[in-house]
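Dear colleague,

Please find below the structure that I am handing over to you. My notes on it follow.

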Amino acid sequence: MKYFWTESQRRQKHTSCCFEFRKGAYREEDPHWQEDSICLYADIFDELELYPLFRKAVPQFDYCGPTEVTKKQWQALLGIAKEHGGEALQVIMELSQWAEGCLREEEVFTVCGI
């Protein structure tokens, strides 16, 4: 992947300055950095101005905390990203395979902010 790291790649880079995309609903008792999570470095999120796109699709999006994303919100994010275009769309399209697979099994996925 060009933009996202697996959890093992994140560990190798010795950083936690990432958004963690994790399957299913957020549960406080689950530790961060699940093996089946994928991570997006915060600098990429900021440089590509993804925050406004997420906020349009997911009004309760929390940059610093956990946010659950529903199937409907995911579809809205895809549409917003397609309208926006550019590299932000490339990031969302890369996320798409993981998100769609997750949403076939779960009602939501969670984005854990930095």
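Does Arg-10 count as buried or exposed? With a relative accessibility of 8%, Arg-10 counts as buried (buried means under 20% relative accessible area, exposed over 50%, partly exposed in between, with a 1.4 Å probe and protein chains only).

Please note that this is a predicted model, in which local features need pLDDT of at least 70 and side-chain atom pairs count only at pLDDT 80 or more, while totals for chains, interfaces and linings use all residues. Residues are numbered from 1 along each chain as its sequence is written, and side-chain values use heavy atoms, leaving out hydrogens and water.

Salt bridges. The structure holds six salt bridges (a side-chain nitrogen of Lys or Arg within 4 Å of a carboxyl oxygen of Asp or Glu). One of them joins Arg-10 to Glu-7, at 2.8 Å from N to O. Glu-7 is buried as well, with a relative accessible area of 1%. Glu-7, Arg-10, Arg-11 and Glu-35 are linked in a network of salt bridges. Arg-27 and Asp-30 also meet in a salt bridge, at 2.9 Å from N to O, and Arg-27 is partly exposed at 45% relative accessible area.

Beyond its neighbours within four places in sequence, Leu-50 is in contact (heavy atoms within 4.5 Å) with Leu-40, Phe-45, Ala-88 and Val-91.

Yours sincerely
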